[in-house]
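Subject: Structure handover and findings

Hello,

Here is the structure I said I would pass on. Please open it beside this message; the findings follow below.

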Amino acid sequence: MNNKPIKGSLEYIVSNMKNLKDDKKNYSVNKGIKPNIIVIMSEAFWDPSVMKGIEFSTSPTANISKLKETSIYGHLESPTFGGGTANSEFELLTGNSIHYFKPGYMVYPNEIKAPIMALPSILKSQGYNCKAIHTFKGWYWNRREVYKHMGFDEYRSEEYLIDPIKKGFFISDEYLTDTIIKELEVSENPLFVFAVTMQNHGPFNDNRYKDHNKDIKVSANVSAESLQILQTYAQGAYDADKALGKLTDYCSKLSKPTIVLFFGDHLPFLGQNYKVYNEAAYLSKDNLNHENDIKLSSVPFILWSNYKTTSQDLGLLNTSFMGSYLLDYAELDMPNYFKFLQEFSKEIPVINRKYAIDMEKNIINSDNEKYIAYNNDYLLVQQNMFYEDRVFEDKYRNWIVNENPNYNSNLNKISIKEVIIQGNQAIIKGNNFYPNSLLFINNNSHKYKYVNKNEIHLKKNILKGGSNIQIKLVDSKKNLLTESNSYIYKN
């Protein structure tokens, strides 16, 4: 980490946590209810209507506005701006703060090389099936390996998606929602899904929706480039909000208790040098009391369920504190570290490199003694949990998945069962065929027609008696993800 711990303080913190560790009165665990938990980290999601002087033909966040009436909501303090998505999810899933690493440092590819305590491992210990879905490349930010260490049972990345539907440059948010719904339909055990969207990824100075009807139109007294950026971004935000509405509509009809947490990973990059933000006069010139810092790091979240109806505005909260809040909301057990984060956030809901914000919404600068004391406490406990002997978590191994031999096993079961000749076509039948798969005959790659996950077609004359047929799934970096059995074709 970027800072060295202050010697001698950890013992004090641990000793003062004894009551919290031994007493569960503050954390009601309902062993009779294990709700499905769906977490959606929506790419660059934000509400652009907070900028003055910009008009939208319809609200880009209509569903969220309606859901607030029966939900917990507010804003998360994102540790990044315009990119670095994986750092936001690292905070949400682990409770660790990015602010204790060097600015711009990406934790996933550099630090997570072994099992780590995170929401999926915590939930898996309580009987959950834990699945991650991202509509982009599996190797990106090394997620494929990181998710294994976090305890996910399965990571369905772009390579494993069946008949993905794009809107603009990327796979649509609605397709991702439909994928989540399919998981809910077949899951027997309580389900945890962590889903990352891609449709509204920047930059936005394009006309990616030219082949689609615009659901939302923007008018503003800004430059032509800024107007195009706003139009593209607003359509993506509208679609993200619409997809959330589709998911909550479905979940509202489920008999199984289900929770949905939806949040943005960071604010959108709206042009060089904050072009749109400046043209819309969203940013102040003097940045007093970190006004701009707060504006550029506050992303909306909503925590909805189909069995609780309390409406509450939590205000602004560290992304790293949201995981503990989620477990408490679901009335599930949690490690001591997450209990510490929950208690810490009740006093200091926001803390980063520059400032902290207390429960009275007072802004505390980083040179203030109160800031230094709280910052040292968080740093020390995170340091101990992340790098050292974890004395803070006396049952640490109960909360991690030390070995994960079945990770992605169901996704990786590609099998060829039979080859049927119909006219001039050879029909290959089996299981888990993916559109991105490669077909090899006698070790030579051949083109084919993808029909569905159980069937592909190719020309009959390619096959000869004794031909060795095999299907391989390879990612865009030529990494072999999985391969089928070798099937010997006989005339």
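Helix α7 (residues 143-150) is largely enclosed by the rest of the structure, because six of its eight residues are buried. Buried means under 20% relative accessible area, exposed means over 50%, and partly exposed lies in between, with a 1.4 Å probe and protein chains only. The buried residues of α7 are R143, R144, V146, Y147, H149 and M150. G151 follows α7 and has a positive phi, near 100°. Helices (H or I, at least four residues) and strands (E, at least two) are DSSP runs, numbered from the N terminus.

Some notes on the source. This is a predicted model, in which local features need pLDDT of at least 70 and side-chain atom pairs count only at pLDDT 80 or more, while totals for chains, interfaces and linings use all residues. Residues are numbered from 1 along each chain as its sequence is written, and side-chain values use heavy atoms, with hydrogens and water left out.

Helix packing

Helix α4 (residues 85-94) packs with helix α12 (residues 319-329) at an angle of about 35°, and their axes are 6 Å apart. Axes here are lines fitted to C-alpha atoms, for helices over the stretch in contact, and angles run from 0 to 180 degrees between N-to-C directions. The crossing of α4 and α12 is right-handed. A crossing is right-handed if the near helix is turned clockwise from the far one by less than a right angle, and left-handed if anticlockwise. On the α4 side the contact is made by S88, E91 and L92, and on the α12 side by T319, S320, M322 and G323. Contact means heavy atoms within 4.5 Å. By class, the contact of α4 with α12 has two nonpolar, four polar and one charged residues. In this scheme Ala, Val, Leu, Ile, Met, Phe, Trp, Tyr, Cys and Pro count as nonpolar, Asp, Glu, Lys and Arg as charged, and the others, Gly among them, as polar.

Helix α13 (residues 336-347) and helix α14 (residues 369-386) pack at about 165°, with axes 12 Å apart. α13 and α14 are therefore roughly antiparallel to each other. For that word the angle must be over 145 degrees; under 35 counts as roughly parallel, 65 to 115 as roughly perpendicular and the rest as oblique. The crossing of α13 and α14 is left-handed. α13 contributes Y337, F340, L341, F344 and E347 to the contact, and α14 contributes Y374, D377, Y378, V381, Q382 and M385. The residues of the contact of α13 with α14 divide into eight nonpolar, one polar and two charged.

Aromatic pairs

Rings of Phe, Tyr and Trp (its six-membered ring) pair if their centres lie within 6.5 Å; planes under 30 degrees apart count as stacked, over 60 as edge-to-face and the rest as tilted. By this rule there are 32 aromatic pairs. The rings of F45 and F262 have centres 5.0 Å apart and planes at 80°, so the pair is edge-to-face. F45 lies in the loop between β1 (36-42) and β2 (54-56) and F262 in strand β10 (residues 258-264), so the pair ties together parts that are 217 residues apart in sequence. F45 is buried, at 1% relative accessible area, and F262 is buried at 3%.

Y277 and Y282 form a tilted pair, 5.9 Å centre to centre with 40° between the planes. Y277 is buried at 0% relative accessible area, and Y282 counts as buried at 11%. Ring pairs also link F90, F101, Y105, Y108, Y147, F152, Y155, F192, F386 and Y387 into a cluster.

Backbone points

Most residues other than glycine have a negative phi, and most peptide bonds are trans. A cis peptide bond joins G202 and P203, with omega about 0°. P203 is in the loop between β8 (191-196) and β9 (218-220). A281, in the loop between α10 (275-279) and α11 (291-295), has a positive phi near 55°. A281 is exposed, with a relative accessible area of 63%. E331, in the loop between α12 and α13, has a positive phi near 60°. E331 counts as partly exposed, at 21% relative accessibility.

Regards
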